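The structure is shown first.

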Amino acid sequence: MSNSDMTEKLGKFSWAQVDRDILATLSRPGPVYTAVLALCFILVAIGGISWAYLIKTGMGATGLNNPVGWGSFITTFVFWVGIGHAGTLISAILFLLRAPWRTAIFRAAEASTIFAVATAGMFPLIHLGRVWTAYYILPYPNGRELWPNFRSPLVWDVLAITTYLTVSLIFFYVGLIPDIAAARDRAKPGLRKTILTFLSLGWMGNLQQWRHYLAAYVFFAALATPLVISVHSVVSWDFAMSIVPGWHTTIFAPYFVAGAILSGVAMVLTFMIPLRVVFRLQHLIRIYHLQAMAKLLLFTSLIVGYAYGIELFIAWYSGNIFEQEIFLYRPTGDYAFIYWAMVTCNVFVPLVFFFKKARNSIWTLFIVSILVNFGMWFERFNIIVSSLAHEFMPHGWGLYSMTLTEWGILFGSFGWFFLLLLAFFKVLPSVSIAEVKESMPHPKKGDKS
Amino acid sequence: MSRRETSQGLLGVFDHYDGMIEAIKNAQESDVEICDVFLPAGDHHVLDMIYKKRSPVRFLTFAGAITGLISGFALAILTSLVWNLVVGGKPVTNPIPFVVVGFELTILFGALATLVAVLIFGGLPFRKFPGKAYRPEFSLDTFGVWLSCTEGNRDMAREILKSADAKEIHDISDPASPEVQS
Amino acid sequence: MSSEKLIQEVLQATPEKIPFALKTTAITMILLGIVGLAISFGMGNDGAGWVAILVSAVMIIGLAVAGIIFSAIFQITAAKWGRSYRRLAEGSVVLMPVGIVLLVIYLIGADAFIPWAHMEHLTGGKHVWLVRGFWDARVLGSLILMYAMALYFLYLSLRKDFCIAEVRNRFATGLGAWLAKGIRDDNAERLRCDTRMSYLAPPVVIAYAIIMSFLAFDLIMALEPDWFSTLFGAWYFISHLFVGTGIIVTLSLYYKAHHDLGRFLPELKQRDIATILFAFCFLSTSFFWDQFLTIWYANLPEETHFLINRAQGSLGTLVIVGLATFFLLPFVALIFRKVKHSRMLLSTVSAIALIGIFIMRFLEIAPPTLSLKHPAVFSYIAIPLLGSFLVLLGSLGIGLWLYAKLLTKVPVMPIGDDIFANEFTEGNTHE
């Protein structure tokens with residue numbers, strides 16, 4: 001690609017300016033940041049109190065019952081795991097594809113992956129009720145004479161999520177090392193500099209370090225890439241491996257993966273649009289980057305729409321009365337509002353991105369991303385709850401609705417995610433200094449910093 | 001080439017990329033040993049000039065991945081045999097569901113092995129930081145080329161750095177006193 | 001705008017007549033195809049001939065548009081690296097008439113071997129969906145719609161090249177004259193074509209996904225009317241994009257080696273397209289696995305009979321061979337950089353992948369059409385298997401001939417493409 005092409009799209013700045021602008025985001029927070037942080041604390045407090053109440057009272061504090069034994073907690077678990085996928089796609093897959101629009105946004109997206117997966121990981125524990133028994137699932141020699149059942153998709157989930165969190169953390173940290181070194185070198189002597197020196201592992205950017213670092217980075221990206229497909233496939237198999245109508249279908253794995261990327265990209269847009277304004281990074285995170293994400297959002301929304309349509313067709317085609325019943329119940333039954341909100345937000349709303357004008361409009365991008373986030377939560381709720389509420393035998397049908405405790409925990413999870421993200425923005429560089437420099441023209445003779 | 005600590009040599013500080021490249025090229029042509037090069041951002045062109053072989057990180061990654069694959073299947077199969085749990089009408093040790101376990105551990109162990117590899121081969125953590133030649137501006141927008149020289153080729157090394165338009169030239173054995181400033 | 005030197009370079013690399021090697025290979029493949037037809041219809045059990053026709057039809061139908069999908073994806077993503085492969089990929093459209101002819105032959109002659117055509121009670125929507133007449137119109141109509149969209153996309157892509165005077169001069173008659181018709185202002189026309197391609201590319205990709213899915217349901221899945229899989233359609237078109245990529249890789253390696261295309265297809269691009277091949281291998285395998293695992297795990301008889309019928313006897317062995325050839329061998333081989341840079345190894349991997357997906361299509365189609373009783377003995381499937389493969393080779397041979405012919409009538413590289421021109425015009429850096 002020609003350099004003139006890239007500088008037009010990514011902008012042209014000196015390397016020193018890149019350093020200055022990105023490290024400036026680590027300065028003392030302003031009033032907007034502080035207000036949002038306070039809100040997040042409040043939400044986390046609500047979530048914490050709700051969880052404490054749940055542990056004390058028991059699972060009866062939720063709306064879970066027969067037949068709906070999985071509800072908002074599993075919905076939110078799948079939602080947060082899905083959010084994490086965009087970060088890995090942007091940082092790993094787009095790295096391997098050498099997509100130029102990745103450089104300015106992948107660090108923040110990667111961070112959102114880690115925090116999303118960390119948030120998601122709490123929900124199986126919340127759902128367990130008796131949280132202190134969580135260690136039962138771990139494979140270690142124990143006195144119970146019992147090993148985890150490795151034929152169960154729930155155990156596959158434990159492995160998949162653990163692997164995803166670990167690999168994402170490693171990928172994230174290793175990618176950060178040169179930037180931590182840059183921050184270390186700009187920091188004034190004190191505690192901050194000491195911590196940054198420790199975290200930078202003595203990085204000097206010399207030949208030996210860059211040689212192995214760049215090689216390792218490719219392997220991290222290559223290893224993280226199949227995780228984008230496999231992790232949410234494993235999560236989808238929590239449902240598809242059953243025989244529940246509306247759950248047991250072969251399309252679930254790619255359907256969930258596409259949905260995960262859809263929700264993840266939407267969430268990245270949701271926080272990145274205010275981020276670039278508040279931290280004055282519009283010249284680095286440009287409309288070009290947001291447009292590319294809008295296209296990706298549109299593409300994954302089309303795949304999700306395809307899946308919705310194929311499921312309906314096959315239910316009609318197959319003649320399986322249970323499949324037909326559930327696909328009639330969803331758009332017309334007790335949870336019809338959820339179904340139509342899901343279809344509207346996930347399929348129809350993103351179609352606006354076929355128009356360039358919409359892709360260029362910051363407000364449209366922001367509003368669509370929020371609606372897609374809603375739509376994707378509704379999708380998981382629709383799949384999980386409607387299928388359990390309306391299984392094989394009519395005498396076993398029943399309804400579920402969320403209690404205040406569950407709402408509290410749901411909002412608490414959002415507070416937790418954004419709290420971690422806000423903390424990250426102030427502690428570590430939210431845009432990759434080293435890679436943005438790599439994508440800019442090298443300093444030439446006569447350039448002034 | 002492998003990085004080694006040496007107590008002598010000249011460090012050229014460049015504020016432009018082309019100068020660094022020229023210095024490396026001239027040093028290679030003149031048979032002056034390049035001890036190290038410092039870059040604020042990774043550059044494959046520089047690495048290709050210096051190193052003929054690919055990084056050995058890939059061997060550890062591969063070994064880790066294979067270990068993970070075997071460990072995953074071993075964990076699932078052996079634990080199933082130790083305590084038989086006949087569920088769902090499925091055989092106790094059918095490999096089909098264990099593929100997921102094997103796959104996940106392949107990725108996990110491969111990533112962990114790669115992390116170990118980059119730490120070992122990259123010499124991280126580098127306890128003697130900042131070392132003899134490092135300067136904080138090397139993480140900003142400045143490049144460094146450290147040439148090893150004896151008394152015999154010191155002048156040649158200095159000439160190489162000067163002709164490549166080095167902003168500063170330092171004597172490694174006495175970094176506080178810049179020998180030449182361009 | 002292409003520089004003069006670039007235009008001359010591309011025109012010089014474009015062969016004047018069909019290369020001898022490709023001609024002899026195509027003729028050999030066509031002759032093998034005729035032998036395959038004779039074996040299948042003459043020596044095989046009842047239905048073997050129609051298995052051969054249908055397997056070739058479904059493969060050719062999918063492959064015919066695969067190259068246009070590549071070109072459309074480049075258009076949508078504005079990807080730069082793959083522009084050199086654009087024309088070589090677009091040439092896959094020559095398979096369209098072959099696919100249509102095979103399909104029409106099947107629709108006319110195979111009535112006795114379409115199981116659902118003689119079933120009285122079809123459950124669910126099938127009693128409306130699977131009705132001869134409606135089914136034929138739907139299958140042919142959707143295919144013609146898909147091909148029409150793809151051909152128009154190709155027309156626009158080729159016309160961009162013909163907005164260059166030197167190209168018009170070189171290809172002044174026949175197809176070239178038709179493509180150049182009505183061009184008054186070169187720059188305005190090229191821009192008009194490019195804009196139309198940008199608008200058309202997304203519908204082409206969407207149409208491909210939907211139409212190919214329904215063709216898979218109608219032509220293959222319906223052969224076992226009481227079985228269904230929601231992922232079957234996607235598995236079908238992704239596996240064909242996989243094989244299509246392999247064919248593009250093989251042909252590009254040939255043209256690179258024999259027609260001075262080394263500058264346009266350097267090692268890094270070769271590695272890139274080999275990586276894409278690897279990605280499609282992984283994706284195809286994961287779609288196969290998603291179906292297999294879901295059906296195996298739930299263990300519902302209405303679903304598992306599809307797998308059980310194919311898991312025993314010689315069909316079971318064929319499954320193992322199929323998995324090894326479309327997944328294991330390409331996956332392991334493409335991990336290594338050496339394979340990605342080797343012309344022979346990469347071509348071999350592509351060929352193995354084609355064989356693997358062919359085996360999968362055969363396993364989907366043959367058992368119900370031949371009413372195989374399980375466990376099938378090898379002698380019962382040997383003739384249909386061999387015959388099907390040879391007929392597929394023959395169909396691909398016709399395609400190869402037409403492809404080589406097409407690339408003597410149009411520039412072998414898309415010099416009308418601005419991104420391609422910018423990359424290779426002197427003075428610009430390129431990947």
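In this predicted model, the contact between chains A and B draws on 53 residues of chain A and 61 residues of chain B. On the chain A side, the elements that give two or more residues are helices H2, H6, H8 and H16 of chain A. H8(A) supplies the largest share of that side, with 17 residues. By residue type, the side of chain A that touches chain B holds 30 nonpolar, 13 polar and ten charged residues.

The helices of chain A that give two or more residues to the contact are placed as follows.

| Helix of chain A | Residues |
|---|---|
| H2(A) | residues 15–23 |
| H6(A) | residues 153–186 |
| H8(A) | residues 207–240 |
| H16(A) | residues 433–439 |

Chain B is divided into two parts: domain 1 takes in 10–53 and 128–181, and domain 2 takes in 57–121. The C-alpha centres of domain 1 of chain B and domain 2 of chain B are 45 Å apart.

Helix H14 of chain A, residues 362–389, has 28 residues.

On confidence, the predictor gives the complex an ipTM of 0.93 and a pTM of 0.92. Chain C has an average pLDDT of 92, and 98% of its residues score at least 70.

Definitions and conventions: Residues are numbered from 1 along each chain as its sequence is written. Chains are lettered from A and ligands numbered from 1 in the order in which they are written. This is a predicted model: local features need pLDDT of at least 70, side-chain atom pairs count only at pLDDT 80 or more; totals for chains, interfaces and linings use all residues. Two residues are in contact if their C-beta atoms, placed from the backbone, lie within 7 Å. Helices (H or I, at least four residues) and strands (E, at least two) are DSSP runs, numbered from the N terminus. Ala, Val, Leu, Ile, Met, Phe, Trp, Tyr, Cys and Pro count as nonpolar, Asp, Glu, Lys and Arg as charged, and the others, Gly among them, as polar. Domain bounds come from an automatic or database domain assignment. The expected span of a helix is 1.5 Å times one less than its number of residues. pLDDT is the predictor's confidence in each residue, from 0 to 100.
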